[in-house]
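Here is a quick tour for anyone meeting this chain for the first time.

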Amino acid sequence: MGKARSVGIGMDYSATSKSALRWAVDNLIQEGDRIILIHVEPPKATNTRKQLFEDTGSPLIPLEEFVETNVSKQYGLTSDPEVLDILDTVSRTKGAKVMAKVYWGDPREKLCDAVQDLKLDSLVVGSRGLGLIKRVLLGSVSNYVVTNASCPVTVVKGTPSSKP
């Protein structure tokens, strides 16, 4: 076993970010790695913790605390049982240390900031699969991060197909 790595996963609870989480757990995470779920809330979000941590992002929140509904709500997040189950399983089966961090602002910039702040070895994000026109008008978070992040970035496209 090599050195434990820090792997960031962009999480907005969309189908594609859940696919990115599943892909990372199945293909990238090894025993003892550190997984950090990175949440980026809109700059106009209002919750009790934003006032304290708007500039630096929240402190790292261990999985044991993050599963508590009141902790998630303090950061303006909704608890997602599917995501929590995946994280609990990888923590138990691979001994991964799971944490979360919340930022407020533009997801493109904040994901790149997280790479530096958290000294990530790798970042995994989902792709919404925007068409050319929407991508030009709205901007692609994954495209921006691939271009500007200082670590390897894996973009997981679409949702996994379900087989009968």
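## The big picture

First things first: this is a predicted model. Its chain has 8 helices and 6 strands.

The chain has 164 residues, and 45% of them count as buried. Its accessible surface is about 9,100 Å², with 52% of that belonging to carbon and sulfur atoms. Now take the contacts between residues at least 6 apart in sequence: 81% of these join residues at least 24 apart.

With strand 2 (residues 34–41), strand 4 pairs in the parallel sense over 8 bridges, and isoleucine 38 stands opposite lysine 101 of strand 4. With strand 3 (residues 61–62), strand 4 runs antiparallel, and 2 bridges join them. Here proline 62 has methionine 99 of strand 4 as its bridge partner. Strand 4 is also mostly covered, as 7 of its 8 residues are buried.

## How the helices sit

What about helices against each other? Two packed helices are described by the angle between their axes and the distance between the axes. For helix 1 (residues 15–27) and helix 5 (residues 81–94), the axes come within 11 Å and cross at roughly 10°. Angles under 35 degrees count as roughly parallel, and helix 1 and helix 5 are therefore roughly parallel to each other. Helix 1 brings Lys18, Leu21, Arg22 and Val25 to the contact, while helix 5 brings Glu82, Val83, Ile86, Leu87, Val90 and Lys94. Sorted by class, the contact of helix 1 with helix 5 has 6 nonpolar residues, 4 charged ones and no polar ones.

## A few residues to look up

Is serine 17 buried or exposed? Serine 17 lies in helix 1, and its relative accessibility is 3%, so it counts as buried. Leaving aside residues up to four places away in sequence, serine 17 touches Gly10, Met11 and Asp12.

Tyrosine 13 has a phi near 70°, which is a positive value in a residue other than glycine. You will find tyrosine 13 in the loop between strand 1 and helix 1, and at 18% relative accessibility it counts as buried. Lysine 119 is not a glycine either, yet its phi is positive, at about 50°. Lysine 119 sits in the loop between helix 6 and strand 5, and with a relative accessible area of 65% it is exposed.

How values were computed
Residues are numbered from 1 along each chain as its sequence is written. This is a predicted model: local features need pLDDT of at least 70, side-chain atom pairs count only at pLDDT 80 or more; totals for chains, interfaces and linings use all residues. Side-chain values use heavy atoms; hydrogens and water are left out. Helices (H or I, at least four residues) and strands (E, at least two) are DSSP runs, numbered from the N terminus. Buried means under 20% relative accessible area, exposed over 50%, partly exposed in between (1.4 Å probe, protein chains only). Contact means heavy atoms within 4.5 Å. Accessible areas come from the Shrake-Rupley method with a 1.4 Å probe; for residues, only the protein chains shown count as cover. Axes are lines fitted to C-alpha atoms, for helices over the stretch in contact, and angles run from 0 to 180 degrees between N-to-C directions. Angles under 35 degrees count as roughly parallel, over 145 as roughly antiparallel, 65 to 115 as roughly perpendicular and the rest as oblique. Ala, Val, Leu, Ile, Met, Phe, Trp, Tyr, Cys and Pro count as nonpolar, Asp, Glu, Lys and Arg as charged, and the others, Gly among them, as polar. Two strands pair if DSSP finds at least two bridges between them.
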